[in-house]
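This report describes selected features of a single protein model.

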Amino acid sequence: MLVVGLLASRQWLAQQVALENAANSSPVSVSAPAQGPIPVEVPMVPEPPISDQPEMLPKPGASLSQGEVWRPGDPLRTETPADWTTPARYTAPDPALISALHEAGLRPEVLRRSGHLRVQRTWQGGRSQIAVVESAVSRFAGQSWRAVYAIAHRDPEHDPALALRLSAANAGSSVSGWSWDRGYWFAQARLPANARNDALVSAVEHVLISADDLEKELSGADEF
């Protein structure tokens with residue numbers, strides 16, 4: 001029995017020594033999959049800000065390369081160029097509205113940033129004036145209204161005497177008047193969106209003449 005016990009104790013000691021050697025040995029290195037390159041954060045490039053001046057400036061020239069000039073018989077392009085993002089305020093212009101303005105000799109152009117229509121009138125003597133007919137309409141008193149406006153004078157400081165004069169002139173008018181925005185005085189008018197063509201043309205002519213008369217009086221220039 002003593003011999004059997006000694007043999008068993010020696011076997012147990014051998015197992016303990018083997019376990020201790022295994023515990024003290026260096027751990028087996030398991031190679032992890034190679035990591036890919038650390039992703040580089042691409043900085044967001046902000047879109048160029050819209051210029052803080054009325055879209056109708058400067059006076060338009062021929063811009064056939066940009067597809068802005070519309071002529072009778074041309075398809076009305078409401079899609080925008082591939083390199084340009086359409087802002088939310090873009091409104092597709094009405095082809096009938098373009099035709100009415102073109103028949104009146106007002107040379108309508110579709111403005112790319114808004115879809116509004118820019119028109120121009122040239123008088124004898126060489127003076128000219130531009131105006132904008134908005135494609136978008138606003139709702140008031142259950143009816144849709146369209147705005148027409150033209151820049152008359154640059155006034156960054158908002159001259160109090162001129163403001164008083166033009167505000168007094170507004171008191172005598174119900175559908176047209178003067179407004180100041182971003183350093184410019186505008187002649188503007190509102191008419192029903194479904195107004196007849198002759199009423200639309202009359203409103204456009206009214207703001208064109210009013211704006212040009214004030215510009216000629218105050219500065220003598222022909223900038224707008």
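## Tryptophan 178 and its contacts

Apart from neighbours within four places in sequence, tryptophan 178 is in contact with Ala152, Leu166, Ala169, Asn170, Trp185, Phe186, Ala187, Ser210, Ala211 and Leu214. Contact means heavy atoms within 4.5 Å.

The model is predicted: local features need pLDDT of at least 70 and side-chain atom pairs count only at pLDDT 80 or more, while totals for chains, interfaces and linings use all residues. Residues are numbered from 1 along each chain as its sequence is written, and side-chain values use heavy atoms, with hydrogens and water left out.

## Nonpolar cores

A nonpolar core is a set of buried Ala, Val, Leu, Ile, Met, Phe, Trp, Tyr and Cys residues joined through side-chain atoms within 4.5 Å; buried means under 20% relative accessible area, exposed over 50%, and partly exposed in between (1.4 Å probe, protein chains only). The largest such core has 29 residues, and Trp178 is among those with the most contacts inside it, as are Leu101, Leu117, Val133, Leu200, Val204 and Val207. Helix H4 (197-218) is one of the elements giving two or more residues to this core, and H4 gives the most, with seven residues. Helices (H or I, at least four residues) and strands (E, at least two) are DSSP runs, numbered from the N terminus.

A second, separate core has seven residues, including Val132, Tyr149, Phe186 and Phe224.

## A hairpin and positive phi angles

Strands S6 (residues 176-181) and S7 (residues 184-192) pair in the antiparallel sense over six bridges; pairing requires that DSSP finds at least two bridges between two strands. Glycine 177 stands opposite glutamine 188 in S7. Two residues separate the strands of this hairpin, where arginine 182 takes a positive phi near 55 degrees.

Alanine 141, in the loop between strand S4 (138-140) and strand S5 (143-154), has a positive phi of about 55 degrees although it is not a glycine.
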